[in-house]
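Work through the exercises below with the sequence and the model open. Try each task before reading its solution.

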Amino acid sequence: MYADQGAPAPQPDDAEAANQPAPAEQPSARDSDSNFRSRMRSEPLPPEQPEYVFVRQDGSLIFAVAYSLINDRLQYVTVEGLRRTVPLNTLDLGATQQFNEQRGVSIRMPA
């Protein structure tokens, strides 16, 4: 048998309890969820990123959220985040320029 097993835990006297800081209130899950929702409603949405469309010479389309022209190749990033590369000579540059202008998307293609 342990010696302190039956002894009651010491209780702080009133003076000592008055000097102790009050325990911090923890917000309930419901409060934090409500605060999160109100913050989400008040924060502006990020600007929508344009989607670029590249027209291939065979008429098929390539959709990209980002692109760069490197030497004689187009490197682009799909909406899924995949990075792809195609030769520029497989694209219809005039149709690509026109297609994006009609959609109000600014795109720079080599002359």
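**Exercise 1: A sheet and its pairings**

Task: Which residue of strand 4 is the bridge partner of Ile70?

Solution. The bridge partner of Ile70 in strand 4 is Arg73. Residues are numbered from 1 along each chain as its sequence is written. The model is predicted, so local features need pLDDT of at least 70 and side-chain atom pairs count only at pLDDT 80 or more, while totals for chains, interfaces and linings use all residues; side-chain values use heavy atoms, with hydrogens and water left out.

Step 1. Strands (E, at least two residues) and helices (H or I, at least four) are DSSP runs, numbered from the N terminus. Two strands pair if DSSP finds at least two bridges between them.

Step 2. Count the bridges. Strand 3 and strand 4 (residues 73–77) are joined by five bridges and run antiparallel. Five bridges also link strand 4 to strand 5, again in the antiparallel sense.

Step 3. Find partners in strand 5. Val77 has Arg83 as its bridge partner there. Gln75 stands opposite Thr85.

**Exercise 2: Order and edges**

Task: In what order do the three strands form the open sheet?

Solution. The order is 3-4-5, with antiparallel pairing. Strand 3 (66–70) and strand 5 (83–87) each have a single partner strand, so one side of each lacks a neighbour in the sheet.

**Exercise 3: The two hairpins**

Task: How many residues lie between the strands of each hairpin?

Solution. Take strand 3 and strand 4 to begin. Two residues lie between them, and Asn71 in this hairpin takes a positive phi near 55°. Now take strand 4 and strand 5. Their hairpin has five residues between the strands. In its turn, Gly81 has a positive phi of about 95°.

**Exercise 4: Helix 3**

Task: Is Asn100 buried or exposed?

Step 1. Apply the cut-offs. Buried means under 20% relative accessible area, exposed over 50%, and partly exposed in between (1.4 Å probe, protein chains only). Asn100 has 0% relative accessibility, so Asn100 counts as buried.

Step 2. List the contacts (heavy atoms within 4.5 Å). Neighbours within four places in sequence aside, Asn100 touches Glu51, Tyr52, Val53, Val105 and Ile107.

Step 3. Check both ends. At the start of helix 3 (residues 93–102), a side-chain oxygen of Asp92 comes within 3.4 Å of the backbone nitrogen of Gly94. Just after the helix, Gly104 has a positive phi of about 80°.

Definitions and conventions:
Polar contact = N/O pair within 3.5 Å; in protein donor to acceptor, adjacent residues only side chain to side chain.
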